[in-house]
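Subject: Structure handover

Hello,

Here is the structure we spoke about. My notes on what turned up in it follow below the entry.

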Amino acid sequence: MSVLEEPLKTTVGDRTAKAMAEHLDLHTVGDLLHHYPRRYAERGELTRLADLETDEHVTVVAQVEKAAMLGTGRGRRLQVVITDGSGRLTLVFFGRGAYHPQKELLPGRRALFAGKVTVFNGKRQLAHPDYKPLAGQEGAGADAAADEWAGKLLPLYPACRQLASWQLQQAVDTVVDGLEATGWEGVADPLPAALRAERGLVPLREALLKVHRPKTKADLWAARDRLKWDEAFVLQIALARRRHAAGQLPAVPRVAPAEGLLADFDARLPFTLTEGQRRVSADIFADLATDHPMHRLLQGEVGSGKTLVALRAMLAVVDAGGQAAMLAPTEVLAQQHHRSITEMMGELAEAGLLGGAEHGTKVELLTGSSGAAARRRALLDLATGEAGIVVGTHALIEDKVQFHDLGLVVVDEQHRFGVEQRDALRAKGNRGDDKRTPHLLVMTATPIPRTVAMTVFGDLETSVLDQLPAGRSPIASHVVPAADKPHFLSRAWERVREEVEGGHQAYVVCPRIGDSAEEAEAKGGKTGKGSGKGAAEPPSPEDEAEKRPPLAVLDVAAQLSAAPGAPLAGLRVEVLHGRMQPDAKDDVMRRFAAGDVDVLVATTVIEVGVNVPNATGMVIMDADRFGVSQLHQLRGRVGRGAAAGLCLLVTEMPEGTPARTRLDAVAATQDGFRLSRIDLEQRREGDVLGQAQSGARSSLKMLAVIDDEDVIAEARDAAAAIVAQDPELTAYPELRGALASLLDDEREQFLDKG
């Protein structure tokens, strides 16, 4: 066993090891060595106390300004004020816990302090913080200690309530001292020596020593360069091996004949394809013609014609004797896709019916609410091969659904599905002993952070539709600060009325439905800071906006139109949400599409696929409650015709807050991929090799996907060259060991299914 795989309890003791495992997910010596400092404090550099936030666990370097024992008897407490030049912070120690710090925390003393920032009587404080004096002497002794400190970089580690930064530093020091004593015996370097020399990178042991004990900033940069490269390279080795293995999987080549269903479809199109649609279709047809499965991401702006490109791919597969399935995240979207596909195909979608075309096929719809007769017909047509195309929701994944010859799976809005669901549908292409894998096309307008990361890593073959078809109009987007400027919201409703008076229609989107079940839940979970006697501090506008239950469709619709004098009184206002019966939802959408409804107040059920060219206005209430991808998708419902679109993002969040900054970014650009990169910077990329789609759980510790794209690209080329020559890494045992550490069973299965 490598020394890096040794359990921490053998080095730091059972109690500390248990805390590290439970709260920081650190289990081995290698885990601890790769738990890098989040920043470094220099001697003389003072952490800004002025920037601390309430309820934050912090580690600060500061100097004692004054200390006093207050109160008597049981109420006796030590109150210490520390400063860093930017602000002050109060420390308080109660009872017996005050006696020891009273002797150590004297004015002028410098120390590390760690604890949770709270507020008492309007002042920020740390109650009973952990602390570590940084010098044990005064006068000349203190000066000597300060000189010894000169130029050193003090590592500050990502910590938790149970383990302060300096406790982690002590544990790291223990491990590093032990490795130094043995000459780092047992620490293998996964990077081939020739590649390391070519890149000018320091050995691994030197990098680990310098990242934890840098003497200069040059040491730190050298360590970071090496450790970033390691992360990028080992990940790229994993992905290169996956691509190599995928290339060995069998798939049926699907080549459409010169004359057939696809040719007939193209001939009946009332418009010409854009250059982008032709280019992307050529990429997809080339992939479909190979004997290994396509795995392609189709990223296109809202309204760029992704559905048409996907339909042409499905028709090509049907032409070649196979079947195609389109997986949609909602029933509304599945119904919309089915309707638009059958309308575009006309008699080509009526195989077997009187008037059906010679090269036609059947297009089935399968959702959870499909009637028994329609369901039986769809299942039979899919099993016999009569239906070449099926559009459906999660219902397609059920065991009863069997295909005659599934050749292509199209997943719309891939961020709404997990890998497991996509894998379950693709598995239906395996017939008996025939383990051929269907081709896969996933579509999105704004990729989730993990997908952006995988695109940067080069794991997804990507086609981009960045050209809008003729007839599509631009969308103007603006943030409406309802709390700061209430008259802006009044003007928003005037704009909606103006759009309707101009012969157009509008959407109003709310985060919540507002029915009885939701109301009960909201009342049960309602919280607030309170502002009565004894409150730590009055709630901020941001707190108020966050604590208020999200606005609801049923409430907003009533407020807008029910009473005389309401903002939209006299207009035809309807509601649409996910708890309505399928027939009722379909009826509302049909009437809205026909122009019989002026304003549709809805939840995100309209997020994707809804196509009403006459709808030009959209107001998104509590826009800060939605993610970047959702906002961009919602906005794409307007501006789908000749008239320009307008999207108003209503929020109560104050200027300068992260939520408001996110909304400003959405308003500033219509570039979905740029927005997804902003999303990635804010939410992180998730576990690139695992199932977490975004957030704190990241397999990347030093590497930043957006900032280090060049490193990632160079590592991809180097990894591809090695895997092409030696797929099993027989000549690289150290690299194989690093790969085994990176890929646990869960991640390996995820890669296999991805």
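Strand β16 (residues 475-481) is largely enclosed by the rest of the structure, because five of its seven residues are buried. The model is a predicted one. β16 runs parallel to strand β21 (residues 645-651), and the two pair over seven bridges. Within that pairing, Ala476 sits opposite Leu646 of β21.

Next, the salt bridges. The whole structure contains 29 of them. One joins the side chains of Asp405 and Arg254, at 3.0 Å from N to O. Asp405 is in the loop between β12 and β13, and Arg254 in the loop between α9 and α10, so this pair ties together parts 151 residues apart in sequence. Both Asp405 and Arg254 are buried.

Arg377 and Glu364 form another salt bridge, with the closest N and O atoms 3.5 Å apart. Arg377 belongs to helix α14 and Glu364 to strand β11. Arg377 counts as partly exposed because its relative accessibility is 46%, whereas Glu364, at 5%, counts as buried.

Arg591 also has a salt bridge, to Glu574, with 3.1 Å between the closest N and O atoms. Arg591 lies in helix α21 and Glu574 in strand β18, so the pair connects parts 17 residues apart in sequence. A network of salt bridges links Arg491, Glu494, Arg495, Glu498 and Glu499.

Last, a helix contact. Helices α10 (residues 261-268) and α12 (residues 306-319) pack at about 145°, their axes 8 Å apart. Their contact has eight nonpolar, three charged and no polar residues. Among those on the α10 side are Leu261 and Phe265.

Regards

Methods: Residues are numbered from 1 along each chain as its sequence is written. This is a predicted model: local features need pLDDT of at least 70, side-chain atom pairs count only at pLDDT 80 or more; totals for chains, interfaces and linings use all residues. Side-chain values use heavy atoms; hydrogens and water are left out. Axes are lines fitted to C-alpha atoms, for helices over the stretch in contact, and angles run from 0 to 180 degrees between N-to-C directions. Helices (H or I, at least four residues) and strands (E, at least two) are DSSP runs, numbered from the N terminus. Contact means heavy atoms within 4.5 Å. Ala, Val, Leu, Ile, Met, Phe, Trp, Tyr, Cys and Pro count as nonpolar, Asp, Glu, Lys and Arg as charged, and the others, Gly among them, as polar. Buried means under 20% relative accessible area, exposed over 50%, partly exposed in between (1.4 Å probe, protein chains only). Two strands pair if DSSP finds at least two bridges between them. A salt bridge is a side-chain nitrogen of Lys or Arg within 4 Å of a carboxyl oxygen of Asp or Glu.
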